[in-house]
Structure formats: C-alpha cells, structure tokens
Amino acid sequence: MNYERYMPTLRQAVAVSSVTLLALFLGVALTVVVGLYSVAASAGHFGIVEAFLELALARSVSLHARAEPPSGLAHDRDRITLGAAHFDGACSSCHGAPGRRVNPLHKAMLPPPPHLSASDVLDQWQVRELFWILKHGIKYTGMPAWPNLERDDEVWTLVAFLQNVQVMEPAEYRRLRLGNAAEPSPLLDGDPEFRTVGAIATACTSCHDNGRARPPSELTPSLAGQSATYLADALHAYADGTRASGIMEPVAAVLDDAEIALLAEHFSGLEPIAPVAPRQQALWEQGRRIATTGLPEADVPACLSCHDAHALETFPRLSGQNARYLRTQLALWRDGGRRNTAAGRIMAVIAQRLDADASAAVSHYFEQHRLADPPRGPDA
Amino acid sequence: MNAAATQFGLRASVAAIVGVAVSGCDGVQSALSFDGSDAARITVLTIVMVVAATAIFLLVMTVLAFALWGSASARKRLASPSVVFAGGVVFPCVVLSALLGYGFAVMRTSTHGEPGALELSVVGEQWWWRVQYPDGRGGTFETANELVVPVGRPVRIALTTADVLHSFWVPAYAGKLDMVPGRTNYLTLTASSPGLVRGQCAEYCGGAHALMSLFVRALPPAEFATWREREAADAERAETGRQRRGATLFAGAGCGGCHTIRGTAANGLIGPDLTHLGSRHSLAAATLPNNAAAIARWIAHNETIKPGNLMPEYRVFSDADLHALADYLFALK
C-alpha cells in the first residue's frame with residue numbers, strides 16, 4: 001500500500017497545528033476576558049477539574065513532605081494540650097472540633113474545609129504530610145501556611161493533636177481547649193483597671209498560668225510574677241513579628257498598646273507559681289554549676305548574673321519556669337533564631353555556646369529555682 | 001616603549017617601594033627605633049645579618065654575571081667541581097653555622113632571664129591580652145590589654161595562651177615570641193628610657209587578629225611603684241549621680257558575669273578586667289581611643305568594631321542609660 005499520498009506535507013502539518021492552537025488559545029482568552037468562565041464558589045468545580053486538583057494535591061504533598069516526626073509525638077500530653085488550645089483559636093472555626101460544627105461561613109468556601117474529627121479526611125494523610133500541610137498551607141484554597149516558618153516545633157504540637165482528634169471525646173476536647181480559663185484570673189476581681197482586659201486575660205490562661213495553677217502544657221511559659229517590662233516587650237515583639245511564633249503572633253497582633261500594658265501588669269502582679277522539686281540530682285547539680293559559676297572554659301557566664309532578682313527589667317526571670325519551655329527557647333537560639341530583638345541578640349551569643357546537654361541541665365535547674373527576693377513590681 | 005621611558009619607570013617604582021617600606025621605620029611601633037638592652041643586642045644581630053646577606057648577595061650576583069657574560073675560560077673555571085663544592089657547600093655551612101651560633105648567644109639572655117627581674121604573666125586570648133602582675137606584697141592582680149614596665153629593670157614575661165596560637169611582639173623592645181597552647185614561653189625585655197610604645201599579636205589567631213594590639217608604658221621606678229599600688233587597689237567608688245546609675249546598670253545587665261571590677265560584686269573571668277579601665281591608654285586591645293564615647297560605642301556596637309569578638313552587643317539601653325554606664329566605666333581610673 002502506498003500511504004505516502006495520504007501523509008500531509010510538513011507545510012500542511014505546521015499550518016493546521018498553528019491554526020488549531022491559535023483557535024484554542026483565542027477561545028480560552030475570549031472566555032476569560034469576556035467573563036464567561038464562572039468563578040463562583042457556590043457553583044463548585046467541574047468533576048474533572050475537581051479530580052485533577054485532588055490528584056495534584058495528593059501527589060505534590062506526598063513528594064514534598066520530608067520531615068520525620070519526633071519520637072513519641074502521638075502520646076506527648078504537653079504537645080497535644082498546646083495543639084488543642086491553638087487549634088481552638090486558629091482552626092476550629094473552619095475545621096470544626098469534637099462536639100462542634102464547622103462554621104457555616106466557612107462551609108461555603110471552595111474547596112470547603114473538611115470537618116477534621118467528624119470525617120475521615122485525616123486518614124488519607126501520613127504524619128509527615130500533615131506536618132507539611134500545616135507548615136506550608138495549600139495553594140488555591142483557604143488553608144494558610146504557619147504564620148512563621150521558623151517554628152517547626154509549634155507545628156508538631158498541632159500534628160500531635162490531629163493524631164488524637166478523631167477519637168477525642170467532646171468533654172476531653174473542651175477540657176483541653178479551656179485549660180486554666182475555666183476560672184478567671186485572681187486579679188480581675190479587685191482592680192477596675194484590670195477588668196477592661198478581663199476577657200483577654202482569661203483567654204490567655206487557656207494556655208498560660210492564672211496565678212493558682214501551672215500552665216496546662218509544659219511547653220508554655222509561666223507568666224505569673226514575670227517582669228512586666230519583659231512581658232510587654234515580648235508581646236510587642238510578637239505583634240510586629242520580630243519574635244517568631246505562629247501561635248503568639250496572631251494573638252498579640254490584635255492587641256493595642258494599652259491592652260498590652262495592662263496585660264503585662266496583670267500577669268506581673270500574680271504570685272509566681274511554686275517551683276517543682278528537683279527530679280534528677282546529677283542533672284540538677286550540673287545545671288546549678290552553670291547557673292551560679294558559668295562555664296568559663298566555654299566562655300559562658302553564670303546564668304544568674306543576668307537572670308537574678310536584681311537584673312534589668314528587660315531580662316526575664318527564669319525561676320520556676322517550665323523546663324521544656326526553656327529547652328525549646330535555647331534550641332531556637334542554637335538553631336539561629338530569636339535574633340531580631342536587641343535582648344535576643346545578647347542571649348544568642350551566649351546560647352550558641354551551650355550544647356543540648358548543658359541546655360537540659362540549666363532548664364532543669366531553673367524549674368525548681370526560687371529567687372531569693374520576689375521580683376519587683378512595675379512601680380518599685 | 002623606548003629605553004629611556006623604561007629606565008625612568010624602573011627607577012620610579014624602586015623609589016616608591018623603598019619610600020613606602022621606610023615609612024614604617026618611625027613611630028611607637030618601629031622595629032628600628034629600639035629602646036632597651038635586649039633591643040640593642042637584637043638590632044646589632046639584625047645589622048650583622050643584613051650586612052652579611054648583602055655581601056653574599058653581591059658575591060652571588062658577581063658570579064652570575066661571570067657565568068652569563070664572562071670569557072670562556074672564566075666560565076670553565078667557575079664550572080669546575082671544586083669551585084662548586086667550595087662555594088655551594090663549604091661556604092654556606094661555615095657562614096650559616098657561625099650566624100646560628102651568634103644568634104643563639106644573643107637570644108640566650110632573653111629566654112633565661114636575669115636576676116632581679118620583674119616577673120609578669122601575659123595570657124593571649126581571642127582577641128585581647130590578660131596581664132597578671134605581682135602586687136609587691138606576695139599576691140597578684142590582673143589587668144588587661146596594657147603593660148606598664150619600670151625603666152632600667154629587666155621584665156621577664158611568662159607567655160601562655162588560653163585558646164590558640166598568639167605571638168607577643170613589641171618591636172621597640174625587641175623579641176617576638178609565640179604563645180603556644182600547653183606551653184609557657186619566657187621573654188625578657190628591659191626599657192632604658194620612659195615612653196609609650198606599641199606592640200601587637202604577630203601570629204594569626206582568628207578573624208580579629210589584626211585588631212589585637214597593646215600599648216606598653218615605661219615609667220621611672222618611683223612612678224612605677226605608685227602605678228602598681230594604684231592598680232592593685234580596688235576600683236574607685238562611683239561619685240556623681242550618673243556614675244551611680246551606671247554602676248547599677250552594670251550590675252543589672254549582668255556585666256559582672258564576664259568582667260571583674262575589684263571591690264564590687266563583679267567577678268567574671270571570661271572577659272578583660274575593668275577595675276581601672278579609665279586609666280588605660282586605649283580600649284579593646286588598642287583598637288579604640290579611651291574615652292566615654294568610645295566605651296559607649298563598644299558596648300552597643302562591638303561587632304562592627306571587632307567582628308567576631310566574644311562579647312554580645314548590648315542595645316537594650318536607652319541613650320541616657322548607655323552614656324551613664326560609659327561614664328561610670330571611664331571614671332574607673
């Protein structure tokens with residue numbers, strides 16, 4: 001058979017291809033420019049578009065998610081507690097919660113955010129993929145990235161919570177999300193000035209301490225009795241993003257200067273929580289040595305030279321502070337973070353010289369340390 | 001280019017190079033304006049070495065000229081094995097051995113010390129000098145970044161290092177000796193007249209090596225005794241309101257964790273001793289002049305002055321507070 005006479009010449013092939021492509025392009029352009037394509041979220045996607053987007057999502061996340069979870073993540077009570085409190089404020093409005101519905105406002109989004117505990121959407125993702133989605137968000141959806149990409153440790157708390165949310169009872173969720181906010185803070189009853197920040201201060205105690213009980217999660221710092229200057233500086237730094245925290249930046253950004261000042265004063269005036277008893281003698285002893293005499297061979301001064309009762313109000317008191325929180329902050333400095341504030345830059349130089357063992361030792365020491373004199377209040 | 005222009009260019013370059021080189025021959029850090037008996041001995045050694053080297057150089061150039069342009073018979077004689085052996089093996093061995101022996105003889109006094117010498121200790125740190133003096137009553141006291149020596153009395157310095165290799169070098173008093181980890185080296189120097197000279201670290205020790213220098217003051221014996229008495233004493237108390245504010249800030253900011261001010265609670269050993277900071281000629285190992293403004297600048301911006309140095313920058317003070325702190329430190333005379 002002679003097929004050659006049915007084959008197009010090169011010129012013919014090029015001509016037909018170009019005209020076809022041009023027609024397609026013009027067709028699409030016209031549809032978009034004239035406005036024929038509907039961008040209505042209420043209309044939903046075509047089935048094939050939906051399938052394409054879902055495939056792209058699953059494949060992209062699977063390829064890009066590389067971080068390995070820390071060991072024991074799913075059973076870490078501190079992480080689950082902190083993750084739950086943050087979830088309640090930042091996520092439950094779109095994604096629902098055990099015993100709570102998705103807000104109808106968000107159900108009308110395209111794609112609609114799934115109810116994470118009532119549906120089985122979480123089953124399709126591996127732990128490392130959940131971490132990636134929480135940290136980076138998803139394009140073309142309303143799922144935001146973590147407000148600060150420097151804080152992987154915070155993202156893992158939310159992953160730990162999500163690993164438990166599908167089997168969590170509503171009562172358990174309610175307990176976790178309220179934390180210490182089940183009762184208002186002691187100082188709110190007396191001073192009329194503090195009552196103006198009453199609702200905010202009570203909300204703070206869902207994660208932080210309230211003057212009677214410790215913070216529900218050991219990852220969260222205790223605020224009671226802390227220097228008011230330090231607390232106000234920290235809130236300002238969170239509010240303008242100079243101090244990195246995906247959990248605290250959204251909280252602080254909606255506060256005005258007057259509220260920040262009142263909150264700092266309020267928490268500074270609370271009685272500091274009682275320090276815990278030392279659990280590991282050798283570690284405590286190592287921490288005591290570093291805190292009182294430093295590590296001269298590593299150019300580390302004694303911690304208490306800057307962190308005792310007579311230090312500048314700019315520097316925080318560490319006595320009675322949660323060891324896990326202290327270890328996290330020291331690790332942030334070691335990894336190159338917390339360098340955007342003047343005080344953070346001082347500590348960055350020192351913290352760089354403390355390895356993980358030394359950090360664990362000093363954190364353990366300060367958790368049970370009580371200052372010789374109580375910290376001065378704002379008007380001392 | 002024609003021959004005349006080439007010649008002029010050559011002469012101009014030589015003049016420029018010599019001029020630039022010789023310009024370092026004056027001033028507080030000059031190796032040629034010596035002072036002290038050791039310096040005199042070493043300068044003589046230097047001159048002997050230079051003269052001998054010049055003579056040998058001229059001899060070799062002459063031989064080379066003969067080798068390139070001499071007559072055939074001259075070249076043949078130069079190539080004979082006996083000339084090569086005598087000029088290439090015997091001559092260098094004899095001359096260099098003689099010079100080596102002479103050099104050892106000169107250096108011997110410098111390392112073994114002399115009776116009645118004042119014994120100091122200088123520890124090289126990155127990037128400053130820790131100096132320890134006997135206080136004349138059986139104890140010692142510490143200062144930093146500056147040496148004060150009595151005129152006419154030999155000073156024997158024990159040189160050690162806290163971290164990496166450094167080298168102690170004060171050109172005017174001659175003698176340059178490395179500070180080697182795990183080892184104590186000894187250097188003796190004697191100042192023969194009062195004055196101020198400058199030295200520096202002569203062994204690369206990290207980023208700020210070029211900014212690790214020191215001043216050495218030579219005082220007549222009576223003035224030296226007065227200085228030592230003052231330096232060994234505790235720090236002066238803060239007088240004015242601003243200085244007292246500065247003293248409070250010094251304690252509050254934890255400066256005493258790294259620095260010592262004798263007579264106060266500050267007893268840190270990581271950084272330089274500040275007990276009599278105001279009486280020094282310079283700051284930061286001869287990097288800054290000594291005044292309150294320079295102290296303030298160092299506290300807040302030391303990374304721009306000496307990049308990589310071990311002190312954090314303290315930008316947590318208001319302007320007024322920073323200057324109160326600097327005033328307090330400058331008043332520690």
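# Salt bridges, a buried helix and an interface

Reader: Does A:Arg324 count as buried or exposed?
Author: This is a predicted model. A:Arg324 has a relative accessibility of 18%. The cut-off for burial is under 20%. A:Arg324 therefore counts as buried.

Reader: What relative accessible area does A:Asp76 have?
Author: Burial needs a value under 20%. A:Asp76 is buried, so its value has to fall under that cut-off. The relative accessible area of A:Asp76 is 12%.

Reader: Which residues are joined with A:Asp76 into one network of salt bridges?
Author: The network comes from salt bridges that share partners. A:Asp76 and A:Arg324 meet in one salt bridge. Joined with A:Asp76 are A:Asp78, A:Arg79 and A:Arg324.

Reader: Where is A:Asp78 found, and which residues does A:Asp78 touch beyond four places away in sequence?
Author: A:Asp78 is found in helix α3 of chain A, residues 77-90. Its relative accessible area is 14%, so A:Asp78 is buried. Leaving out residues up to four places away in sequence, A:Asp78 touches A:Pro216, A:Ser217, A:Glu218, A:Leu219 and A:Arg324.

Reader: How many residues apart in sequence are the parts tied together by A:Arg77 and A:Glu172?
Author: The two side chains meet in a salt bridge at 3.2 Å, N to O. A:Arg77 lies in helix α3 and A:Glu172 in helix α8 of chain A, so the pair ties two helices together. The parts are 95 residues apart.

Reader: Are A:Arg77 and A:Glu172 buried or partly exposed?
Author: A:Arg77 has 43% relative accessibility. A:Glu172 has a relative accessible area of 26%.

Reader: How far apart are the closest N and O atoms of B:Arg262 and B:Asp273?
Author: B:Arg262 and B:Asp273 are in the loop between α6 and β11 of chain B, eleven residues apart. B:Arg262 is buried, and so is B:Asp273. Their salt bridge has its closest N and O atoms at 3.8 Å.

Reader: How many salt bridges does the whole structure hold over all chains?
Author: Side chains of opposite charge can pair when their charged atoms come close. The search covers the whole structure. Over all chains, the count is 24.

Reader: What separates the C-alpha atoms of A:Cys207 and A:Ser217?
Author: A:Cys207 sits in the loop between α10 and α11 of chain A. With a relative accessible area of 17%, A:Cys207 is buried. Its contacts beyond four places in sequence are A:Leu82, A:Ala85, A:Pro215, A:Pro216 and A:Thr220. A:Ser217 is ten residues along the chain from A:Cys207, and the C-alpha separation is 7.1 Å.

Reader: What span should helix α7 of chain A have at 1.5 Å a residue?
Author: Helix α7 has 14 residues, 152-165.

Reader: What covers the buried residues of α7(A)?
Author: Ten of the 14 residues are buried, so α7(A) is largely enclosed by the rest of the structure. Among the buried residues are A:Trp156, A:Phe161 and A:Leu162. The cover includes α3, α6 and α8 of chain A.

Reader: How much area do chain A and chain B bury between them?
Author: The contact takes 18 residues from chain A and 15 residues from chain B. A:Asp299, A:Leu312 and A:Ile346 supply 35% of the area that chain A buries against chain B, more than any other three residues. Carbon and sulfur atoms account for 68% of the total, which is about 1300 Å².

Reader: Which side chains form the salt bridge across the interface of chain A and chain B?
Author: The rule finds one salt bridge there. Polar contact joins three residue pairs between the chains. The salt bridge, at 3.0 Å, N to O, is between A:Arg345 and B:Glu313.

Reader: Which element gives the most to the side of chain A that touches chain B?
Author: Two elements of chain A give two or more residues to that side, α15 and α17. The side divides into twelve nonpolar, three polar and three charged residues. With six residues, the top contributor is α17(A).

Terms used. Residues are numbered from 1 along each chain as its sequence is written. Chains are lettered from A and ligands numbered from 1 in the order in which they are written. This is a predicted model: local features need pLDDT of at least 70, side-chain atom pairs count only at pLDDT 80 or more; totals for chains, interfaces and linings use all residues. Side-chain values use heavy atoms; hydrogens and water are left out. Contact means heavy atoms within 4.5 Å. Buried area is the accessible area (1.4 Å probe) that two parts lose on being put together, summed over both. A salt bridge is a side-chain nitrogen of Lys or Arg within 4 Å of a carboxyl oxygen of Asp or Glu. A polar contact is a pair of N or O atoms within 3.5 Å; within protein, one must be able to donate a hydrogen and the other to accept it, and residues adjacent in sequence count only if both atoms are side-chain atoms. Ala, Val, Leu, Ile, Met, Phe, Trp, Tyr, Cys and Pro count as nonpolar, Asp, Glu, Lys and Arg as charged, and the others, Gly among them, as polar. Buried means under 20% relative accessible area, exposed over 50%, partly exposed in between (1.4 Å probe, protein chains only). The expected span of a helix is 1.5 Å times one less than its number of residues.
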